[in-house]
Amino acid sequence: MRYENLVKPGRIGTMRLRNRMIMPPMETWMATRDGMVTDKVVNYYGRRAEGGVALVTTEMINTTPGTMAFPGELTLAEDSYMPGMSRLARTIHAGGARASLQLCHAGVFAHNITSDLPAFTPSGIGTFQLPGAKLKVMTKAEIAQVVEDYGLAAARAKTCGFDAVEIHGAHGYLVNEFLSGYYNKRTDEYGGSLENRARFALEIIASIQKHCGRKFPIIFRLPGEEYLATGITLEVAKQYSQLFEKAGVAAVHVTIGTLESKYDDYMDVMRDKKKPEGNFLSKGVSSSVWIPPCYSPRGSALPMAAAIKKVVKIPVIAVNSISPEMGEKTLAAGNADFVALGRQSIADPDYPKKVMEGRGEDIRRCLRCNECQGSGMEWQSIQCSVNPEVSMEYSNFADVKPAETKRRIAVIGSGPAGMEAALTVSKRGHEVVLFEKSNRLGGLLHFVGKPDFKADYRAYTQYMIHMVEKSRIDVRLNTEFNMEMLQDQHFDKYIVATGSEHFVPNIPGAHESHILNPMDVLDDEYPQDAHSFVVAGAGLVGCEVSMYLAEKGYQVTMTDILPEAGMAVMYYARWALDAKMKEDGIKIELRNKILSMDDDKITCLADKNRKPYAALSEKLPPDPTADFDGKQVEYKADAVICALGMRSNDPLSEQLINAGVAVEVIGDAVKPRKIMNAVQEGFQAGRRA
């Protein structure tokens with residue numbers, strides 16, 4: 001595909017931009033506890049700038065002392081933070097990009113996890129995600145101080161060398177809380193009418209202009225739709241955009257959603273108080289609206305950007321899971337002036353260069369698994385399932401150095417771990433032979449990418465196969481490595497990446513031939529005359545094989561001993577997964593101990609205290625391991641699928657070790673886990689080879 005529009009130079013205010021591709025703000029959790037810039041922060045953003053993006057926008061930066069949203073949030077609330085920030089701006093410029101700093105008071109999120117101060121809000125309305133937060137309705141004096149804090153922080157940013165600032169007016173933070181009729185119930189001049197709700201934002205714009213001059217570019221990030229009964233609608237967003245343009249804003253960055261988006265609808269649907277309608281919820285709930293996982297469609301905010309583009313003359317930035325191909329079409333249609341590709345810039349910081357060179361097939365595709373943001377929920381630095389260098393840019397643990405002595409390396413297995421290892425070994429200059437017992441590369445990725453809702457995984461699989469095929473790797477398909485090969489050819493090291501296989505527990509009937517393997521089902525090997533299925537297992541495999549069948553029109557029941565379905569799925573993706581299963585009509589029966597399986601039923605012993613399916617954020621049963629002392633129940637169907645997990649498949653490593661050769665075992669061959677673990681271990685094994 002030709003990317004004629006993405007590569008055109010552009011302008012936002014006084015900023016000249018080398019193309020139309022922007023890196024939007026995303027948290028990294030790499031600052032110090034008190035918000036200082038670190039080497040990791042500088043290297044991370046510098047790497048994206050060197051990849052060719054036109055504008056790098058930092059994660060949200062705290063503006064007011066004592067109001068950080070979480071330990072490690074970057075801040076510019078005081079002069080003492082300027083040295084690190086100036087280094088960050090210089091590094092971004094060294095990579096050839098412009099630097100923008102996003103200013104954000106976290107509002108309800110600026111709670112006492114980081115200080116003893118209460119969380120400022122317009123009207124004392126908090127969020128379901130922080131039920132115990134200590135809230136404070138802002139006085140006019142406090143509003144005036146925060147407005148001044150924004151101006152001072154912008155002035156520091158300008159002094160540090162940043163080319164622009166972005167005001168975060170979305171996603172439930174303080175400016176958004178004032179703009180939204182859902183959060184803002186004030187009766188003074190800061191509440192009520194649309195103009196009054198905009199007053200706080202307009203005063204911040206004026207404060208930045210006072211401290212930085214009117215020519216200093218201000219970008220405003222605004223939700224085109226909040227999906228709340230009294231929240232911001234597209235018509236309201238259009239009026240806000242016009243007000244901000246009149247006030248001197250240089251561009252509008254159109255996102256969607258806030259923390260409470262669709263939450264009440266979601267809970268009503270999950271509790272069976274309301275029937276699901278279409279795919280409304282699986283498009284996103286709460287934070288998954290603006291960080292949509294693979295289960296949600298791409299580009300949900302594009303219609304809002306296009307509508308706002310029609311009513312303003314300043315540039316409009318579109319965002320929300322926009323692929324480079326989608327971005328090119330958006331710009332060609334005149335529906336936006338710039339596109340922000342967020343998680344894609346994490347997965348492949350060189351995607352702008354590849355776009356400019358017309359190498360779309362070489363772009364390492366983002367899975368939209370949300371492991372990057374999920375890491376932060378566990379207080380870890382940002383990570384990526386497909387890019388093992390993330391948060392370790394330019395470190396000794398990310399450099400792939402040419403080998404001083406060329407060696408011959410065997411990689412056994414071509415799943416994500418094996419392909420990543422083989423590619424990294426090849427980059428070092430070693431001779432690599434990749435053994436694959438089947439007739440195709442990819443291992444279990446082949447099955448993972450089969451459903452349409454896993455198209456992102458399919459694209460990543462195709463990318464990895466493409467990269468292997470264009471490398472110098474000697475690929476041997478239909479070749480199962482065995483110990484006799486030790487005598488035939490010499491290798492200096494063996495990297496075992498034989499993956500995992502379907503696990504069948506010792507449950508009566510589970511090993512019978514009529515019990516279906518979920519991988520076979522995903523490969524469309526199941527009774528075509530069946531009308532209904534019952535799935536044993538509510539882990540990720542069980543959930544996805546259930547959705548795959550349900551979306552083909554089959555009736556599906558899923559049961560497990562677990563208290564929740566898809567428990568291993570990352571936080572930001574769980575909303576959409578739960579909603580999608582409900583919208584697909586899957587009957588979910590949990591807290592059942594499976595007693596036996598037959599060709600047309602699964603027999604279980606229920607927990608007498610079990611409740612209907614517990615949606616995310618509801619409390620789990622107090623003791624998930626309690627005895628199952630309820631009634632015996634049967635779930636009947638035309639066919640039964642056993643999806644009760646995976647187990648490592650490693651028939652070789654012990655034999656190789658006993659033979660006295662150098663061996664390293666990676667990926668699921670060690671233990672069944674996530675793609676991220678496989679890729680990281682494959683990369684590091686290849687780097688050390």
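Predicted model: local features only at pLDDT ≥ 70, side-chain atom pairs only at ≥ 80, totals over all residues.
**Exercise 1. The barrel**

Task: Find which strands close into a barrel, and in what order.

Solution: 
- Step 1. Eight strands close into a barrel, in the order S3-S4-S5-S8-S9-S10-S11-S12.
- Step 2. Check the direction. The pairing is parallel. From one strand to the next, the twist averages 30°.
- Step 3. Look at where S3 meets S12. Strand S3 covers residues 21–23 and strand S12 covers residues 338–340; two bridges join them, and they run parallel.
- Step 4. Pick out a facing pair. Opposite Ile 22 stands Ala 340 in S12.
- Step 5. Helix H1, residues 39–50, lies across S3 and strand S4 (55–61). H1 runs at about 155° to S4.

**Exercise 2. Strand S13**

Task: Decide how many residues of strand S13 are buried, and name the strands that S13 is joined to.

Solution: 
- Step 1. Count the buried residues. S13 spans residues 408–412, and five of its five residues are buried.
- Step 2. Sort the residues by side. Arg 408, Ala 410 and Ile 412 are on one side. Ile 409 and Val 411 are on the other. Both faces are covered.
- Step 3. Find one partner. Strand S14 (residues 431–435) runs parallel to S13, and five bridges join the two. Here Ile 412 stands opposite Phe 435.
- Step 4. Find another partner. Strand S16 (residues 493–496) also runs parallel to S13, through four bridges. Lys 493 in S16 is the bridge partner of Ile 409.
- Step 5. Follow the connection. S13, helix H14 (residues 416–427) and S14 make a right-handed β-α-β unit.

**Exercise 3. Arg 365**

Task: Is Arg 365 buried or exposed? Describe its surroundings.

Solution: 
- Step 1. Arg 365 is in the loop between helix H12 (351–356) and helix H13 (371–377).
- Step 2. Apply the cut-off. Buried means under 20% relative accessible area. Arg 365 has 15% relative accessibility, so Arg 365 counts as buried.
- Step 3. Follow the side chain. The side chain of Arg 365 reaches the backbone oxygen of Gly 360 at 3.2 Å.
- Step 4. List contacts, leaving aside neighbours within four places in sequence. Arg 365 is in contact with residues including Ser 323, Pro 324, Glu 325 and Gln 344. Val 386, Ala 459 and Tyr 460 are also among its contacts.

Conventions. Residues numbered from 1 in each chain as written. Heavy atoms only, no water. Buried < 20%, exposed > 50% of the residue type's maximum accessible area, 1.4 Å probe, protein only. Pairing = 2+ DSSP bridges. Right-handed = clockwise from strand over helix to strand, strands pointing away. Polar contact = N/O pair within 3.5 Å; in protein donor to acceptor, adjacent residues only side chain to side chain. Contact = heavy atoms within 4.5 Å. Axes fitted to C-alpha atoms, helices over the stretch in contact; angles between N-to-C directions.
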